[in-house]
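Have a look at it first.

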Amino acid sequence: MIIKPKVRGFVCITSHPEGCAAHVKEQIDYVKEKASGTAGPKKVLVIGSSTGYGLASRIVSTFGTGAGTLGVCFERPANNGRPASAGWYNTASFEKAAHEAGHYAKTINGDAFSDEIKEKTIQAIKDDLGEVDLVIYSLASPRRVDPKTGEIYKSTLKPIGEPFENKSVDTDKKLINTIQLDPANEEEIETTRKVMGGEDWELWMEALEKAKVLAPGAQTVAYSYIGPKVTWPIYYQGTIGKAKEDLERACKAIDASLQKTGGHAYVSVNKAVVTQASSAIPVVPLYISLLFKIMKEKGIHEDCIHQIQRLFDEHLYSEKGPSLDEAGRIRIDDWEMRPDVQEAVAALWPEVSTENLEDISDFKGYQANFLKLFGFGLPEINYEAETEIEIPIQGVE
Ligand code: NAD
């Protein structure tokens with residue numbers, strides 16, 4: 001099949017298997033070149049392992065210090081002549097590369113919020129790994145079915161208290177527009193917390209601990225975002241920010257329990273990058289386009305893989321251990337939040353318009369990055385050639 005990108009709003013409904021494999025290989029090559037190969041995890045569970053920060057965590061674990069990884073994700077296989085989702089192809093090519101290099105890698109494809117997938121995962125750890133010493137929690141989902149009640153919760157991206165109005169970019173039409181959002185009601189705040197807060201992370205850690213599959217001294221990390229004031233009403237102080245506050249609450253509870261064996265739980269605040277999750281947030285794609293321009297000019301641009309390499313090297317597996325901020329969080333958004341970077345972005349914000357979008361921001365870089373998530377725009381791929389869409393992953397039955 002010949003596959004071309006089909007972008008609908010902020011998603012691309014097609015993905016290219018060889019392009020996704022080339023994107024994964026690019027990340028593996030970066031880690032191989034960068035890794036010190038000394039300290040790192042040995043057996044890792046990555047929840048949300050197929051794209052974005054979770055995939056980068058899996059790649060750094062394996063190709064940094066040779067860890068075996070069990071991944072959990074929710075991806076769509078090829079069906080009726082339709083290509084699989086990008087996360088499916090990423091997983092297939094990651095597994096192939098890991099196996100060729102002699103590393104354990106298996107993936108459980110299903111709803112991580114369910115009891116069934118937690119049980120399957122624990123069984124796979126018992127059967128294959130015995131225990132895990134690092135658990136990465138990197139889910140980004142618009143909905144969650146509560147495993148105890150069966151109730152479906154949906155997350156919303158809304159401000160709290162006041163309506164919000166600001167510039168945004170229609171990434172499909174390349175237009176700067178104004179978005180207006182009404183504040184969330186109490187129910188929307190709560191349903192977003194149920195989906196993106198810390199409850200499910202706690203359920204995972206409780207289940208792993210109860211099953212005695214956590215190695216003594218095991219660590220766990222969940223990812224969060226803070227960002228600049230311009231996105232605060234929609235992010236940090238909005239419904240998603242409230243959910244992330246709950247993640248920090250959960251982190252303290254999990255940490256207290258892991259400390260009994262010398263382990264720890266952390267929230268790592270990561271930088272803004274282009275992923276399927278971040279492209280759905282109003283205002284954020286415009287901010288990212290400006291941020292990329294400034295960070296590239298300053299020679300400090302980073303994508304998921306660079307961020308996670310730094311998280312492992314400078315924090316989780318550094319000799320002195322993680323450096324924490326006043327709220328106890330790891331901050332690998334430190335370069336994004338540097339005052340000179342933020343001042344430069346803030347100066348461009350009022351100036352940016354449809355007419356000058358490509359000149360004063362890195363919108364082109366944003367778009368290229370977005371297409372790359374789905375395996376498009378990689379120079380080594382011939383997109384006119386037929387490609388096989390049915391590619392298996394090594395699932396766990
Ligand atoms: P992403 O969309 O690239 O990845 C989400 C992952 O979750 C995928 O592997 C997907 O398969 C999996 N997933 C979703 N629903 C699932 C389910 N029900 N069961 C199993 N797997 C499921 O997202 P991302 O941007 O990498 O986000 C990961 C985390 O990083 C989130 O907590 C996000 O808030 C945080 N973060 C993102 C950014 C950013 O700019 N993208 C910045 C800082 C922090």
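Predicted model: local features only at pLDDT ≥ 70, side-chain atom pairs only at ≥ 80, totals over all residues.

Which way does H4 pass H6, left-handed or right-handed? It's a right-handed crossing. H4 covers residues 115–129 and H6 covers residues 199–210, and their axes come within 10 Å, crossing at roughly 40°. That makes H4 oblique to H6. If you want to find the contact on screen, go to Ile117, Lys118, Thr121, Ile122 and Ile125 on the H4 side. Across from them, H6 brings Asp200, Leu203, Trp204, Ala207 and Leu208. Sorted by class, that contact has seven nonpolar residues, one polar and two charged.

H10 is residues 339–348, and here the axes come within 9 Å and cross at roughly 130°. Those two helices are therefore oblique to each other as well, and H8 also goes past H10 in a right-handed crossing. From H8 you've got Tyr287, Leu290, Leu291, Ile294 and Met295, meeting Val341, Gln342, Ala344, Val345 and Leu348 from H10. This contact is made up of nine nonpolar residues and one polar, with no charged ones.

The largest nonpolar core here has 55 residues, and Tyr287 and Ile288 have the most contacts inside it. Which helix gives the most to this core? That's H8, residues 284–297, with nine residues. Setting aside neighbours within four places in sequence, Tyr287 touches Tyr225, Pro228, Val230, Thr231, Ala272, Glu336, Gln342, Val345 and Trp349. There's another core lying apart from that one, with 31 residues, including Val72, Phe113, Val135 and Ala265.

Buried or exposed? His23 has a relative accessible area of 11%, and under 20% counts as buried, so buried is the answer for His23. Beyond its neighbours within four places in sequence, His23 is in contact with Lys372, Leu373 and Leu378.

Conventions:
Residues numbered from 1 in each chain as written. Heavy atoms only, no water. Axes fitted to C-alpha atoms, helices over the stretch in contact; angles between N-to-C directions. Helix = DSSP H or I, 4+ residues; strand = E, 2+ residues; numbered from the N terminus. Parallel < 35°, antiparallel > 145°, perpendicular 65-115°, else oblique. Left-handed = near helix turned anticlockwise from the far one by under 90°. Contact = heavy atoms within 4.5 Å. Nonpolar A, V, L, I, M, F, W, Y, C, P; charged D, E, K, R; others polar. Buried < 20%, exposed > 50% of the residue type's maximum accessible area, 1.4 Å probe, protein only. Core = buried A, V, L, I, M, F, W, Y, C linked by side-chain atoms within 4.5 Å.
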